[in-house]
Amino acid sequence: MIQLILKRLFTYIPVLLVVVIITFLMIHAAPGGPFDAERVASPEIIEKLNEAYNLDKPIHVQIYNYLFNAIQGDFGPSFKYPGRTVTELIMSGLPTTIELAIYSILFAIFLGVISGLVASLNPGKTLDIVPMSISLLGICIPSIILGPALVLIFGIWYEVLPVYGWGDNPGDKILPTITLGTAYAAIFARLTRGGMLEILGQDYIRTARAKGLSEIRIVIVHALRGGIIPVISFLGPAIAGLLAGSFVVETIFQINGVGRFYVQAAFNRDYTMILGTSILFTFMTLTFVLISDIVASFLNPTLRDSGGLE
Amino acid sequence: MHWLIIFFLFLVGCSGNTDQKSKVDLYSEQGILLLGNGTEPSGIDPHIVTGVPEHKILLALLEGLVIFNPENNGVVPGVASKWMISEDGVTYTFIFNPEAKWTNGESVKPEHFVYSWERILSPELGAQYADMLYVIKNAESFHKGQIKDFSKVGVSVFENKLVVTLENPTPYFLNILTHYSTWPVHPETVEKFGGMTSRNNKWTRVNNFIGNGPFKLDSWEINKSLKVSRNDLYWGNDLNKINGIEFIPIDNELTQDRLFRSGGIHLANTVPTEKIIRYREERPKELVEHNYFGTYYYRINTNKFPLNDVNFRKALSLSIDRDLIVKSILKGNQKVSYSFTPPDENSYNPNTKLEFNPVKAKLLFKESGYDINNQPLEVLYNTSEGHQKIAQAIQEMWKKHLGLNVILTNVDWKVYLARETQGEFDISRAGWIGDYPDPFTFLDMMVTDRGNNKTGWSNAKYDEILNNAASKISAKKRYELYEEAEKILIDELPVIPLYTYTRTYLLSERVKNWQNNILDTNPYQFLSLE
């Protein structure tokens, strides 16, 4: 197991390297630069600025310098926020982004697993059709639509929930959490239903019923453990997706997370910031997928034996 | 379902206090202003930053030689309590207020200004607003690296006074001094945290910042808020009734509007266009609308065919119904432009005209000999619903009155700037806000080869008139020359002015002494809260 984890950790290096190089080339190929401004600076000034940020060097030298510094934990100064480093800016927003992701995943698991459970116990009935139809809707509506719609209903029409910030006003965490978590709740509901239906048809469940165990005990103790494996497997990509996808929600609700930097950096052509956030999100995606693989293989020995972790 | 309710209650519990009183009420009682401030400021170093949100913050933290007078767009004493101007209008001598202090208790000295101006003019710093100081003798040469010795620049200290020598008599020099690029920094602090010309200087951090403004920096949480509180050492505290200010960065105008209506901020710095009429009807006392020193215009690439033909450009302008644009699209009380420089009834009011005359337009269009079957021209604008609506209306007008086809291209801000600067456009939307209340801030832009000209247009007579105007001390004579230059501009139309900007925003009735002025600037020490 340890060997497998180490092997996976080694794959981080080429993946991150490719991400840095591709991102570097793409941002330099994009028209417009970090120092383009409505009030045009003289060529002399632009030259000095390029010098100050090492942009006067050939691109391969820039990539080499960047990688050399990044390995030592120095992701460079932000172009947009002079006097601040990329690391510092990311660290200022990361706790909020992680908190948002945690609330959203809890919301998604909670709503998704319960709905999936209810649906799986009532196959073909109203309690199956209604939650599953709603979940399909949840998967289809992107957060960029759902967020403003929730703001309109709860924030503007009924004025019951705040539409701005994170942790500043009572209830301001509700709408962002729902907006970010809904799509995943819907996926979890469908995964739970599928997993449970498969398990509920197994021989050992029939045996448990024959032994006269209560239905609740059968479902909670025996069936759920196996039925929830698809959810666990999806948890890693889900958390990674939540973190990376948080930029939409952070922008809609003006939350001071790291996702907003991701968006702003792209618009500002803040090269070092784009690279820093890209590396962060790549690293987190790889890590959460790895963690969820480890957890899933513990829950299901067949995965471990068949080398599912690989 | 019960679990869901409990989960929501948990989130509510995690979300801070549960006080029911509106934040504006609560903070007004404490004398604290809550300001919606647009985008997150890129910094608070007056020699590096360039934006409006940064200006609003610096207005609290630093003070220049003079302070902008919000009542008449003039100036009142700041760090300098008095000043003398030589007869030829070229030498200014500033006498410092002995009570003007830095937040560490030290006095603000003339030497600090010399250091600060050397800093912004040092080419290594890469300051984008350094040209504000080009009116000072040899400042431009020093900034461009043509002279290395700063003592040759027209700023020096004599008997504890700051003596400034200008290139030409510049009657609006005092107005320039209200711009933050001319404000001082504390030399020892700047040196301690990175040195004079370092862009990565850490002197602006909360724990390091030393300012001389009416407020001192308390905290700065990125993308959340920047808080300042009353500076007890400020010389003008007798007037200052504000105890603190919280600048909240909100770049989404709908969110800002919602926050204002729920009592979260005293000022929302924009209003969504679609809500202006509703505010006018329902909450007129909170809606502020006033003229702004800015022009919205179309920039023409005069290096390209057929836009190099003045008749073609005139035809384009004559077929635009500006009244319709202002009344039906903008709806914000904007004024139709008849000149490039926004007019001021009390001072500069150029007698130029930009009429809507489709018949004349058609004639000139024919004269230009342009074949409408040519490849269509392109109108470039940065992505924004407002710009799009105007572009669509103008596209329709040109089609209707001239039979001319144009295509509309919207691109992201940086692409738009890059294409404009490189001259890769036919016609592009543009806007310009004056930096100080003098027509020169507009007219100078169109001088041959100025970085912000971007049209390729050049007129020797225009350049000469502006050059002559610079040496005139009398405002009347200067304005006469400006008007002459303005006529050339409107006759040749390298830019097609459309309308004069209006500032439209929401202001709580609790804020008193607010002055509506064309630079939209209100030093906070003149305000009060009820």
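Me: Which residue in β3(B) is the bridge partner of Val66(B)?

Reply: That partner is Pro77(B). A word on the source: this is a predicted model, in which local features need pLDDT of at least 70, side-chain atom pairs count only at pLDDT 80 or more, and totals for chains, interfaces and linings use all residues. Residues are numbered from 1 along each chain as its sequence is written, while chains are lettered from A and ligands numbered from 1 in the order in which they are written.

Me: What makes β2 and β3 of chain B a pair of strands?

Reply: Strands here are DSSP runs of E with at least two residues, helices are runs of H or I with at least four, and both are numbered from the N terminus. Two strands pair if DSSP finds at least two bridges between them. Strand β2(B), residues 66-69, and strand β3(B), residues 74-77, are joined by four bridges and run antiparallel, so they meet that definition. Their hairpin has four residues between the strands, and Asn73(B) takes a positive phi near 60° there.

Me: How do you know that β4(B) and β5(B) pair?

Reply: The count is five bridges between β4(B) and β5(B), residues 91-96, in the antiparallel sense.

Me: Why are β4 and β6 of chain B called edge strands?

Reply: The open sheet has four strands, in the order β4-β5-β7-β6 of chain B, with antiparallel pairing. β4(B), residues 80-85, and β6(B), residues 155-158, each pair on one side only. Neighbouring strands of this sheet are turned by 25° against each other on average, direction ignored. For such angles, axes are lines fitted to C-alpha atoms (for helices over the stretch in contact), and values run from 0 to 180 degrees between N-to-C directions.

Me: Which strands of chain B does helix α4 touch?

Reply: Helix α4(B), residues 110-121, packs on the sheet and touches β5, β6 and β7 (161-165) of chain B. Contact means that two residues have C-beta atoms, placed from the backbone, within 7 Å. The direction of α4(B) makes about 165° with that of β6(B).

Me: Why does Ile465(B) count as buried?

Reply: A residue is buried if 20 or more other C-beta atoms (placed from the backbone) lie within 10 Å of its own, exposed if 12 or fewer do, and partly exposed in between. Ile465(B) has 20 such neighbours, so it counts as buried. Ile465(B) lies in helix α16(B), residues 460-470, and touches Leu481(B), Glu484(B) and Ala485(B), leaving out residues up to four places away in sequence. The C-alpha atoms of Ile465(B) and Glu484(B) are separated by 7.6 Å, although 19 residues apart along the chain.

Me: What makes Gln254(A) buried?

Reply: Gln254(A) has 23 C-beta neighbours inside 10 Å and therefore counts as buried. Gln254(A) is found in the loop between α10 (229-252) and α11 (258-268) of chain A, and has a positive phi of about 50° although it is not a glycine.

Me: Why is Asp520(B) called buried?

Reply: With 22 C-beta neighbours inside 10 Å, Asp520(B) counts as buried. Asp520(B) sits in the loop between β18 (511-512) and β19 (528-529) of chain B, and its phi is positive, near 50°.

Me: How do you know that the span of helix α3 of chain A agrees with its number of residues?

Reply: The expected span is 1.5 Å times one less than the number of residues. The 13 residues of α3(A), 59-71, should span 18 Å, and the end C-alpha atoms are 18 Å apart, so the values agree. After α3(A) comes Gly73(A), with a positive phi near 85°.
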